[in-house]
Amino acid sequence: MEKMTAAHRTFALGTVAHVENLTNKQTVQVRINDRGPFVNDRIIDLSHAAAQAISMPGIANVRLKVISTPPTRAAEMFAVQVGAFSQRSEAEHLRAQMERKYGTAKLVFRDRDQTWRVLVGLQPTLESANTVAMQLDKEAGPAYVVLIDSPE
């Protein structure tokens, strides 16, 4: 929270990005260390320190530029997040529904905020994952493309 970090749904963890606040033209460099934001129309979630550095009081229009990416260990794969739950049983119920309907779905436990995430599909490109997300968004509610950090 007090470091120059940010969350992004699809940038590889470890990516360094240049963020410009379009209102006041202030800039900051951040390292992507988390997934999110899981809110429509938001592309990045800055840490408290990074937001303060560019005088961003809350939500603002920004421009992103990737400065560097970490070396990749494997081909990137994308999935679609359709739910986040504090109780595993609730997440498991949705996972089972999604697996029956879409063929593949899995649970991922996120230690940072103690939540169970339901991920559907495994897509090789961002474009194909976005297509799945649009379908799921219509059928199952809010759906977000996420980068799978360590494919199985």
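**A first look at the chain**

Modeller: The chain exposes about 8900 Å², and carbon and sulfur atoms supply 51% of that area (Shrake-Rupley method, 1.4 Å probe; for residues, only the protein chains shown count as cover). This is a predicted model, in which local features need pLDDT of at least 70 and side-chain atom pairs count only at pLDDT 80 or more, while totals for chains, interfaces and linings use all residues. Residues are numbered from 1 along each chain as its sequence is written, and side-chain values use heavy atoms, with hydrogens and water left out.

Colleague: How many helices and strands are there in the chain?

Modeller: The chain has 3 helices and 9 strands, and from the N terminus on they run β-β-β-β-α-β-β-α-β-β-α-β. These elements are DSSP runs numbered from the N terminus, with helices being H or I of at least four residues and strands being E of at least two.

Colleague: And what share of the residues is buried?

Modeller: Of the 152 residues, 41% count as buried, meaning under 20% relative accessible area with a 1.4 Å probe, protein chains only.

Colleague: Which residues touch the most other members in the largest nonpolar core?

Modeller: That core has 19 residues, and those with the most contacts to other members are Val 80, Val 82, Met 98, Val 118, Val 120, Leu 136 and Ala 143. A nonpolar core here is a set of buried Ala, Val, Leu, Ile, Met, Phe, Trp, Tyr and Cys residues joined through side-chain atoms within 4.5 Å. Elements giving two or more residues to this core include strand E6 (77-85), helix H2 (88-102) and helix H3 (126-140), and the largest share, 4 residues, comes from H3.

Colleague: What does Val 80 touch?

Modeller: Leaving out residues up to four places away in sequence, the partners of Val 80 include Val 118, Val 120, Leu 136 and Ala 143, where a contact means heavy atoms within 4.5 Å. There is also a second, separate core of 13 residues, and Val 19, Val 28, Ala 50 and Ala 51 are among them.

Colleague: Changing topic, where is Gly 14?

Modeller: Gly 14 is in the loop between strand E1 (5-7) and strand E2 (16-21). Not counting residues up to four places away in sequence, Gly 14 touches Arg 31, Ile 32 and Pro 70. The C-alpha atoms of Gly 14 and Pro 71 are separated by 9.2 Å, although the two residues are 57 residues apart along the chain.

Notes
Buried < 20%, exposed > 50% of the residue type's maximum accessible area, 1.4 Å probe, protein only.
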